[in-house]
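Take a look at the structure, then read the points below it.

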Amino acid sequence: MAASTAAEFKFSETCYLTRIPNFTSPNPKFCLRWFTPVTEVKLCGHVTLASAHTLFTTALVNSNIIEFDALFAILTAERLPDISLTNVSEIQNGGVDGCFLIELNFPTVPVTNFNSAEASLISKALNDAPLIDVKRTTTDGDIFVIPQ
């Protein structure tokens with residue numbers, strides 16, 4: 001049903017966010033899932049960021065930290081003051097409302113070196129772009145490519 005709803009919305013990813021009540025942590029916790037029009041995905045950073053922003057700005061949470069129970073891990077979002085837009089004395093005097101940054105904490109995925117012969121095929125697929133590094137995740141075999 002979730003994937004069919006995502007297909008109906010016609011967005012690349014659709015998020016489903018549900019509060020987990022009576023959780024023992026001092027931080028609010030939400031179940032968070034992401035779907036494309038055809039399947040559930042393990043992680044979608046921009047939708048996680050949008051979810052945290054919505055929760056922080058609509059006063060649905062009274063905390064600077066939110067926990068998300070995602071498909072493969074617990075993710076956290078922390079609201080931090082945006083001191084780059086103003087000076088510290090304004091923040092200390094309460095003069096800057098609504099200016100904040102969101103820091104997302106994602107789990108670490110173990111990686112291994114990638115076969116150099118296979119790396120040349122990836123370079124070719126990227127119009128012969130020079131590559132700094134190529135790694136493969138040990139869990140799912142996903143490939144991380146760092147172009148020059």
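Predicted model: local features only at pLDDT ≥ 70, side-chain atom pairs only at ≥ 80, totals over all residues.

Strand β2 covers residues 29-35. β2 pairs with β1, with β4 and with β3.

**Strand β2 itself**
- Is β2 mostly covered or mostly open? It is mostly covered, as 5 of its 7 residues are buried.
- In a regular strand, side chains alternate between the two faces of the sheet.

**Partners of β2**
- Strand β1 spans residues 14-19. It runs antiparallel to β2, and 6 bridges link the two.
- Leu17 has Leu32 in β2 as its bridge partner.
- Strand β4 spans residues 65-69. β4 and β2 run parallel and share 3 bridges.
- Cys31 faces Asp69 of β4.
- Strand β3 is made of residues 40-41. β3 and β2 run antiparallel, with 2 bridges between them.
- Trp34 has Val41 in β3 as its bridge partner.
- How many residues does the hairpin between β2 and β3 use? The hairpin joins them through 4 residues.

**Cysteines**
- How many disulfides are there? The count is 0.
- Cys31 is partly exposed, at 25% relative accessibility.
- Cys99 is also partly exposed, with a relative accessible area of 33%.

Technical notes: Residues numbered from 1 in each chain as written. Heavy atoms only, no water. Disulfide = S-S within 2.5 Å. Buried < 20%, exposed > 50% of the residue type's maximum accessible area, 1.4 Å probe, protein only. Pairing = 2+ DSSP bridges.
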